[in-house]
Amino acid sequence: MAKKFNIEINEKWCKGCGLCIAICPKKVLELNEQVKCIAARPDDCIGCRQCDNICPDMAISVKERD
């Protein structure tokens with residue numbers, strides 16, 4: 001069974017730069033109407049944490065689900 005991950009995004013810290021969206025290999029993230037990152041397809045996340053690593057504002061945290 002494939003592992004599942006939770007993607008936590010601190011909307012107050014996100015400035016909508018789009019780096020996380022560009023780097024995500026599974027296209028899990030999108031910008032919402034307020035130009036803030038959201039996990040549009042969280043079940044597609046493979047847990048690579050590239051979004052977490054590239055975020056200049058440390059607004060994203062990826063954790064394995066229990």
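**Loops and core**

Tutor: R49 sits in the loop between β3 and α2 (50-54). Helices (H or I, at least four residues) and strands (E, at least two) are DSSP runs, numbered from the N terminus. This is a predicted model, in which local features need pLDDT of at least 70 and side-chain atom pairs count only at pLDDT 80 or more, while totals for chains, interfaces and linings use all residues. Residues are numbered from 1 along each chain as its sequence is written, and side-chain values use heavy atoms, with hydrogens and water left out.

R49 is not a glycine, yet has a positive phi of about 65°. Its relative accessible area is 31%, so R49 is partly exposed. That class lies between buried, under 20% relative accessible area, and exposed, over 50% (1.4 Å probe, protein chains only).

Now the loop between β2 and β3, where V35 is found. V35 is not a glycine either, and its phi is positive, about 55°. V35 is partly exposed because its relative accessible area is 43%.

N32 lies in the loop between β2 (29-31) and β3 (37-39). Its relative accessibility is 14%, so N32 counts as buried. The N32 side chain reaches the backbone nitrogen of Q34 at 2.9 Å. Beyond its neighbours within four places in sequence, N32 is in contact (heavy atoms within 4.5 Å) with E11 and I38. A22 is 10 residues away from N32 along the chain, and their C-alpha atoms are separated by 15 Å.

Next, the core. A nonpolar core is a set of buried Ala, Val, Leu, Ile, Met, Phe, Trp, Tyr and Cys residues joined through side-chain atoms within 4.5 Å. The largest one has 14 residues, and L29 and I60 have the most contacts inside it. β1 (5-9) and β4 (60-64) each supply at least two residues of this core. In soluble globular proteins, nonpolar side chains tend to be buried together. I60 touches I7, E8, I9, C20, L29, C37, C51, D52 and C55, leaving out residues up to four places away in sequence.

Technical notes. A polar contact is a pair of N or O atoms within 3.5 Å; within protein, one must be able to donate a hydrogen and the other to accept it, and residues adjacent in sequence count only if both atoms are side-chain atoms.
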